[in-house]
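Subject: Structure for your review

Dear colleague,

Please find the structure below, together with its sequence. My notes on it follow.

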Amino acid sequence: MVNKYGSLSLQGKSIGKLTFAGRNLVGANADVAVAMLNVNNTLNTENVTPQAGFDFSIAFGTPLKLIDAKIIAGTARSNQRNGAPVATKTGTLLPMSDTAKDTLPEEDYDAVFVSGKDKTVHGRVRSADAFDSHDLVLFRVTPNYKTDNRGEVARDDYDEPIISNYQFNFIQQSKSGDVGNDDNIVRILIDPAESERLQAGLKPGNKLVPQGLKFAFAGNDATDWTVYACTLVALDEKATEKPTSHQNKTTANQASKLKSE
């Protein structure tokens, strides 16, 4: 399966300020207790499956912090989406006064988790839980076409198909000899203009490092995750994890804003 990752580590504080709203039951059989949390004193909420022994009787509005969190593939209620996979957040919820911190260092959270067509940022995640960004070997690039409300390819005024983005398909080099590994392919989507710039001169076997990574949960038969990047750079250019373009800086600023709200 393409982009099949067990979980992504999530930096709890990057979600925003969290306050307890109540208890909810989720899962295919509505038997998983989660904490409902208001985010940044708004009506937006996050469901988090907390640690064993979490006290669901705490007062409404109690400030909490989330540490050692992960995003995994959970299961929706069967009467809502036929038990379809959904992104589920788990972690340890603690009083703000507790001194415990994330086990992972802050710099490990080098990507963002997004949702919706506008790629709304919901927090910072660790890309290394998905793949080693310095281990990718390119083997194919194909376009994804925009479709209309009938599911047919949308066309512009010149009757040309409209491209939504390009799929850059990679093999993880360190796993390329493992014939029993069916989850070796990494597919990264890049906007058309940047894709067309990048493709000039690219060949199979190029080693490329994605910059400005964004992860979205798909949860369908083909893949668990959709991965976006702002651009790609050659491995021998010694790309760093720091933003290297205006687009990358925008991505980093979006996540930084979440922490400061």
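The protein chain exposes about 14200 Å², and carbon and sulfur atoms supply 49% of that area. Please note that this is a predicted model. Of the 261 residues in the protein chain, 38% are buried. The secondary structure comprises three helices and 15 strands. Among the contacts with a separation of 6 or more, 60% are between residues 24 or more positions apart.

β7 is joined to two other strands, as described here:

- With β8, β7 runs antiparallel, and five bridges join the pair. A111 stands opposite V125 of β8. The two strands form a hairpin with four residues between them, and G116 in the turn has a positive phi of about 75°.
- With β13, which covers residues 214-217, β7 runs parallel, and two bridges join the pair. Here F113 stands opposite F215.

The side chain of E106 makes a polar contact of 3.2 Å with the side chain of K13. E106 and R126 are 20 residues apart in sequence, while their C-alpha atoms are 9.6 Å apart in space.

The second residue, D135, is found in the loop between β8 (120-125) and β9 (136-145). Which residues does D135 touch, leaving aside those up to four places away in sequence? They are I171, Q172, Q173 and S174. With S174 there is also a polar contact of 2.7 Å, side chain to side chain. D135 is buried but has no salt bridge. The nearest side chain of opposite charge belongs to K175, at 6.8 Å; a salt bridge would require a side-chain nitrogen of Lys or Arg within 4 Å of a carboxyl oxygen, so K175 does not qualify as a partner.

With kind regards

Terms used: Residues are numbered from 1 along each chain as its sequence is written. This is a predicted model: local features need pLDDT of at least 70, side-chain atom pairs count only at pLDDT 80 or more; totals for chains, interfaces and linings use all residues. Side-chain values use heavy atoms; hydrogens and water are left out. Buried means under 20% relative accessible area, exposed over 50%, partly exposed in between (1.4 Å probe, protein chains only). Lys and Arg count as positive and Asp and Glu as negative; His and the chain ends are not counted. A polar contact is a pair of N or O atoms within 3.5 Å; within protein, one must be able to donate a hydrogen and the other to accept it, and residues adjacent in sequence count only if both atoms are side-chain atoms. Contact means heavy atoms within 4.5 Å. Two strands pair if DSSP finds at least two bridges between them. Accessible areas come from the Shrake-Rupley method with a 1.4 Å probe; for residues, only the protein chains shown count as cover.
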